[in-house]
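I opened a new model today and wanted notes on its aromatic rings and its pockets. Here is what I looked up, in the order I looked.

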Amino acid sequence: MPTYRLTIEYEGTRYSGWQEQKNARTVAGELKQALGGLLEGAFELGGAGRTDAGVHALAQVAHLRAGQPLDGDRALGALAEALPADIHVVAFEPAPPRFHARHDALTRSYVYQISRRRTALGKRYVWWVKRPLDAGAMGAALAAVVGRHDFARFAEAAPDPEASTLVEVERAELLEAGDLLVVRIAASHFLWKMVRRLVGTLVEVGAGALAPERFRDLVERGAASAGLHPAEWTAPPSGLFLERVIYAGDPPLGALEPAVPVLTPPAAARAEPSRPAPRPPARPGRSNARGRRGRDGGPRGRGRRPPR
């Protein structure tokens, strides 16, 4: 069967995640429905990983095994017509017959956006934290995440109790971009809700409610660390993006940038309300008194009736 590699971006607010589910609207479900109108016969669609309800993707990857060969450009055009506006197939490329989006992935990277101000335009793409945050403390704590650790404390209970909770984190970085704090974590794989709980715990560090040493202890000691409960600090899904899925031969991750920027308003826009414009100067050659009108509309100082 011809095999294709699809790269998909989506805004996950309206969906119950990537994975197809009964009685729920999902990204994979919408994509399968669109592909059904394009393909004849059975086909197989598999994603590189699941994203939870409300989570977005800049470049989710899926493999497609179709019953007939397809022209990539025509397929892209047909899918653009069939898919809702918040799902878009960015690339449709031939792949080796045995290509598997999940099994062949080497690295996955997630980006999380924290906003330090209320934003009307970016609210679907950030977590607005009202408390002041110390970005330096958060960045220093985040460095402890890199390496091989047991992230059981940061994960929701897995369906398979035998599954390992050890994860090798390759990169962890934080960027200040105007009113945004952007966190990126790259690893071979992730546990359910792991990124959101790491970010939520980092916010506790940034707000001064949790010492960086306690965060480091939680990461390094894993399940053995008592008295800390990251589940209580789970960040909302709105700020989370699946940034990239990397395979053999793909270019490495580039510089960290916001997924959806939240621009800092100009200083003038955040200053005091503008003052009224100054009055125009008097015409040259005329005194200020001349030509002024009284309350009744008549000229002042003229035609006044003398007192009786």
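**Entry 1: the whole chain.** I note at the start that this is a predicted model. I looked up the secondary structure and got five helices and ten strands. The chain has 308 residues, and 44% of them count as buried. Next I checked contacts with a separation of 6 or more: 72% of them are between residues 24 or more positions apart.

**Entry 2: ring pairs.** How many aromatic pairs are there? I get eight, taking ring centres within 6.5 Å as the cut-off. I looked at Tyr-4 with Phe-92 and found their centres 5.1 Å apart and their planes at 45°. Tyr-4 sits in strand β1 (residues 3–10) and Phe-92 in strand β4 (residues 87–94), so I have a pair linking distant parts of the chain, 88 residues apart. Both Tyr-4 and Phe-92 are buried.

**Entry 3: a second pair.** I moved on to Tyr-110 and Phe-190, which form an edge-to-face pair, 5.0 Å centre to centre with 85° between the planes. Why does this pair tie together parts that are apart in sequence? Because Tyr-110 lies in strand β5 (residues 107–115) while Phe-190 is in the loop between β9 (180–187) and α4 (194–206), the two parts being 80 residues apart in sequence. I checked burial here too: Tyr-110 and Phe-190 are both buried.

**Entry 4: other rings.** I also logged one aromatic cluster made of Phe-151, Phe-154 and Phe-215. Then I looked at Trp-192 and found the charged end of Lys-193 over its ring, 5.4 Å from the ring centre.

**Entry 5: the largest pocket.** I read off a volume of about 1,200 Å³ for the largest pocket. Which residues lie nearest its centre? They are Gly-49, Arg-50, Phe-190, Leu-191 and Trp-192, out of 42 lining residues. The elements giving two or more residues to the lining are α1 (27–36), β2 (44–47), β5, α4 and β10 (240–246). By residue type I have 21 nonpolar, eleven polar and ten charged residues in the lining.

Methods
Residues numbered from 1 in each chain as written. Predicted model: local features only at pLDDT ≥ 70, side-chain atom pairs only at ≥ 80, totals over all residues. Heavy atoms only, no water. Phe/Tyr/Trp six-rings, centres within 6.5 Å; stacked < 30°, edge-to-face > 60°. Helix = DSSP H or I, 4+ residues; strand = E, 2+ residues; numbered from the N terminus. Buried < 20%, exposed > 50% of the residue type's maximum accessible area, 1.4 Å probe, protein only. Lys NZ or Arg CZ within 6 Å of the ring centre and 35° of its normal. 1 Å grid on protein atoms, 1.4 Å probe; cavity = no way out; pocket = protein on both sides within 12 Å on 5 of 7 lines; lining within 4 Å. Points joined across faces, edges and corners; volume = space filled by probe spheres on them. Nonpolar A, V, L, I, M, F, W, Y, C, P; charged D, E, K, R; others polar. Contact = heavy atoms within 4.5 Å.
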